[in-house]
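This report goes through a few side chains and how they meet. Please keep the sequence and the structure in view while reading.

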Amino acid sequence: FSHNNTGAAEESVTTTGYVLSVSSVVRNHRGYYSCEVSNEVGRHSVTVQLMVRAPPTAPRQLNSSDVSPFTATISWMPPSDNGGTDQPLNYSINITNYTDSTTLPPVTTNMTTLSLTNLQHSTRYIVTIVADNDLGLGPSPPAVINFTTPDSVPIIESVSVEALLLTILSVDVVLLTDGG
């Protein structure tokens, strides 16, 4: 028996006669197993694929961009291992205001970019992202990115103007005639 054309598999893969046994299956057992038999008449080989399904690994290459006093965009690459499933991945995203330890409502998406709004200026945020598939959440700890929103120009929210008329102005018009 050989695994992925590399010769004998790991110690958790054993062969007894014509039986290949894989105990305590883990991700790296995934791949192709070949069995070759031969005798004085000839040779025959069979290759089978072992598919190991598991929760996905963590998202990669997290990035923050377009960070303004009140908004930011975060993006990431999908996990290097989606868990062997054909189902689309979902991402569970938690955003924490590091300054006062409050959390924004969690977000779930199947996209790899998220626009954050209603942020506070001059505030550090910690964003954690966990991938999940139909078999469960990816590993802990999750992927983490930090960013800080910049200061903001002062903003005037409203202006109120009241006017009180204190002087009464009257205009009198007098017509002069020449008498004729």
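## A buried aromatic pair

In this predicted model, Tyr91 has a relative accessibility of 3%, so Tyr91 counts as buried. Trp76 is also buried, with a relative accessibility of 3%.

The structure holds two aromatic pairs. In one of them, the ring centres of Trp76 and Tyr91 are 5.4 Å apart and the ring planes are at 70 degrees; the pair is therefore edge-to-face. An angle over 60 degrees is what edge-to-face requires. Trp76 belongs to strand β7 (residues 72-77) and Tyr91 to strand β8 (residues 90-97), so the pair ties together parts that are 15 residues apart in sequence.

## A stacked aromatic pair

Tyr125 and Phe147 also form a pair: their ring centres are 5.6 Å apart and their planes are at 25 degrees, so this pair is stacked. Stacking calls for planes under 30 degrees apart. Tyr125 is found in strand β12 (residues 124-133), while Phe147 is found in strand β14 (residues 143-148), so the pair ties together parts that are 22 residues apart in sequence. Both Tyr125 and Phe147 are buried.

Is Asn97 buried or exposed? Its relative accessibility is 2%, so Asn97 counts as buried. Asn97 lies in strand β8, the strand that also holds Tyr91.

The side chain of Asn97 reaches the backbone nitrogen of Thr99, at 2.8 Å. Leaving aside residues up to four places away in sequence, Asn97 touches Thr102, Gln120, Thr123, Arg124 and Tyr125. Of these contacts, Tyr125 is a member of the stacked pair described above. Arg124 lies over the face of Tyr98, at 4.2 Å from the ring centre.

## One salt bridge

Side chains of opposite charge can pair when their charged atoms come close. The structure holds one salt bridge. Which side chains meet in it? They are those of Arg53 and Asp134, with a distance of 2.8 Å from N to O. This pair links distant parts of the chain, 81 residues apart. Arg53 sits in the loop between β5 (43-50) and β6 (60-65), and Asp134 sits in the loop between β12 and β13 (136-137).

Arg53 has a relative accessible area of 43%, so Arg53 is partly exposed. Asp134 counts as partly exposed as well, because its relative accessibility is 48%. Partly exposed covers the range between buried, under 20%, and exposed, over 50%.

## An exposed proline

Pro106 is placed in the loop between β9 (102-103) and β10 (107-109). With a relative accessible area of 61%, Pro106 is exposed.

Where Pro106 and Ser92 are concerned, the C-alpha atoms are separated by 7.2 Å, and the two residues are 14 residues apart along the chain. Pro106 touches Ile93 and Asn94, not counting residues up to four places away in sequence.

## Confidence in the model

The chain has a mean pLDDT of 79. A pLDDT of 70 or more is reached by 74% of its residues.

What happens to pLDDT over residues 174-180? The value stays under 50 there. For residues 174-180, the model has zero contacts beyond four places in sequence.

Notes:
Residues numbered from 1 in each chain as written. Predicted model: local features only at pLDDT ≥ 70, side-chain atom pairs only at ≥ 80, totals over all residues. Heavy atoms only, no water. Phe/Tyr/Trp six-rings, centres within 6.5 Å; stacked < 30°, edge-to-face > 60°. Helix = DSSP H or I, 4+ residues; strand = E, 2+ residues; numbered from the N terminus. Buried < 20%, exposed > 50% of the residue type's maximum accessible area, 1.4 Å probe, protein only. Lys NZ or Arg CZ within 6 Å of the ring centre and 35° of its normal. Salt bridge = Lys/Arg side-chain N within 4 Å of Asp/Glu carboxyl O. Polar contact = N/O pair within 3.5 Å; in protein donor to acceptor, adjacent residues only side chain to side chain. Contact = heavy atoms within 4.5 Å. pLDDT = per-residue confidence, 0-100.
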